[in-house]
Amino acid sequence: MIRTRSLLADGSRLRRLAPLALPTTWGAVAVAWKYGCPLARQPGLPMRIATSVVFLTVGLGMVLGVRHGLARELARARAVAAATQQVLLRPLPARLDGLALAAGQLSASRGASVGGDLYEAVATPYGVRLVIGDVRGHGLPALGAVVAVLGSFREAAHDEPELAGVLRRLERALERHLRERAREEHPARAGAEPEHPAAEEFVTLLLVEVRPDGRLTVLNCGHPGPYRLGKRVERLAVGDPLPPLGVLPLPAGIVPYTAARLLPGETLVLHTDGAEEARDRRGRFFALDAALAGAPGEAPAALVRRVHAELLHHTGGRLADDVALLVVRNDRVRVPAQPAEPGLRRPRPAPSSHR
């Protein structure tokens with residue numbers, strides 16, 4: 001196994017050095033020609049020009065070789081980032097149990113396609129369950145918490161009959177991640193529990209369950225409330241917020257908010273705070289509610305694309321924080337009560353034989 005890894009490492013180094021092989025060889029030939037060939041040491045302007053052209057060609061070849069190698073490394077890094085995003089924030093199905101869905105993320109880190117925002121939607125025996133969250137910070141350092149929370153949600157959403165049970169599973173998964181990260185950052189304390197494993201990282205979170213009748217069950221851990229698009233755009237009430245995961249322990253009794261509904265034809269927009277805190281050059285915030293007001297009946301995928309485009313236009317392409325959107329439209333058909341056909345009457349009960 002060790003020998004195989006060594007061979008793979010050697011092969012990787014050879015691939016990285018391959019673009020420099022030809023310029024280096026040509027440079028060695030040029031130096032040998034300059035100092036080893038008597039003709040090259042002859043005085044005169046033509047010979048100096050020829051020598052300058054030779055060395056200029058060598059330098060240009062080496063620059064192009066380095067540039068080609070860096071371009072290959074960048075393309076490989078982008079491919080790895082794209083594959084990582086497909087695993088972490090995998091594309092949602094267009095339809096899920098009668099709901100139309102779409103989601104998307106904009107990363108604030110230049111060159112990164114993943115960041116500190118997370119979202120997921122799964123169909124369970126208890127309804128369609130949604131999660132959207134925001135890890136403190138953005139970019140690659142936040143990926144560990146994203147992996148911990150999303151991995152736990154994808155399992156707990158199917159296992160836990162109550163949404164509060166899902167939230168507690170997410171809390172435990174994040175705590176394990178933070179403890180392991182604290183041990184890695186402070187190896188001298190190996191074998192001892194870190195005093196403050198969550199001092200530098202926490203996650204705001206919104207959990208939503210959409211029942212077959214459109215009733216919503218919501219748990220909010222310090223996250224912005226969603227918008228509901230129907231006859232008007234309104235911020236949906238989600239009850240008293242819980243603390244973000246990783247800041248304080250969850251209370252013993254968790255009571256979800258259950259007074260909201262998503263009727264057929266209505267749309268629910270979940271978002272991270274980067275969507276509302278994005279500023280333009282004058283310091284003006286992005287008006288997310290106004291952007292959503294222009295979307296009556298718009299398909300979820302089209303809505304995500306349009307809002308992202310308006311965000312980038314508003315900020316001039318310079319986002320200060322990651323932005324994630326998760327859009328759900330209730331496409332379930334409400335079946336009206338069927339009237340009785342004319343001429344049909346309910347059968348009367350048979351007259352009693354007892355008097």
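1. Two strands are taken to pair if DSSP finds at least two bridges between them. Strands (E, at least two residues) and helices (H or I, at least four) are DSSP runs, numbered from the N terminus. On this basis, Val208 has Val218 in S6 as its bridge partner.

2. The model is predicted: local features need pLDDT of at least 70, side-chain atom pairs count only at pLDDT 80 or more, and totals for chains, interfaces and linings use all residues. Residues are numbered from 1 along each chain as its sequence is written, and side-chain values use heavy atoms, with hydrogens and water left out.

3. The sheet is open and consists of five strands in the order S3-S4-S5-S6-S9, with antiparallel pairing. Its edges are S3 and strand S9 (257–261), each of which pairs on one side only. Neighbouring strands are turned by 20° against each other on average, direction ignored; axes here are lines fitted to C-alpha atoms, for helices over the stretch in contact, and angles run from 0 to 180 degrees between N-to-C directions.

4. Within the sheet, S4 and S5 run antiparallel and are joined by eight bridges; Val131 stands opposite Leu207 in S5. Six bridges join S5 to S6, also antiparallel. The hairpin of S5 and S6 has four residues between the strands, and Gly214 there takes a positive phi near 90°.

5. S6 and S9 pair in the antiparallel sense over three bridges, and the partner of Val218 in S9 is Tyr257. S6 is mostly covered, with six of its seven residues buried (under 20% relative accessible area with a 1.4 Å probe, protein chains only; exposed is over 50%, partly exposed in between).

6. Which residues are in contact with Leu207, leaving aside its neighbours within four places in sequence? Contact means heavy atoms within 4.5 Å. Among them are Leu130, Val131, Phe153, Leu163, Leu167, Val218 and Leu219.
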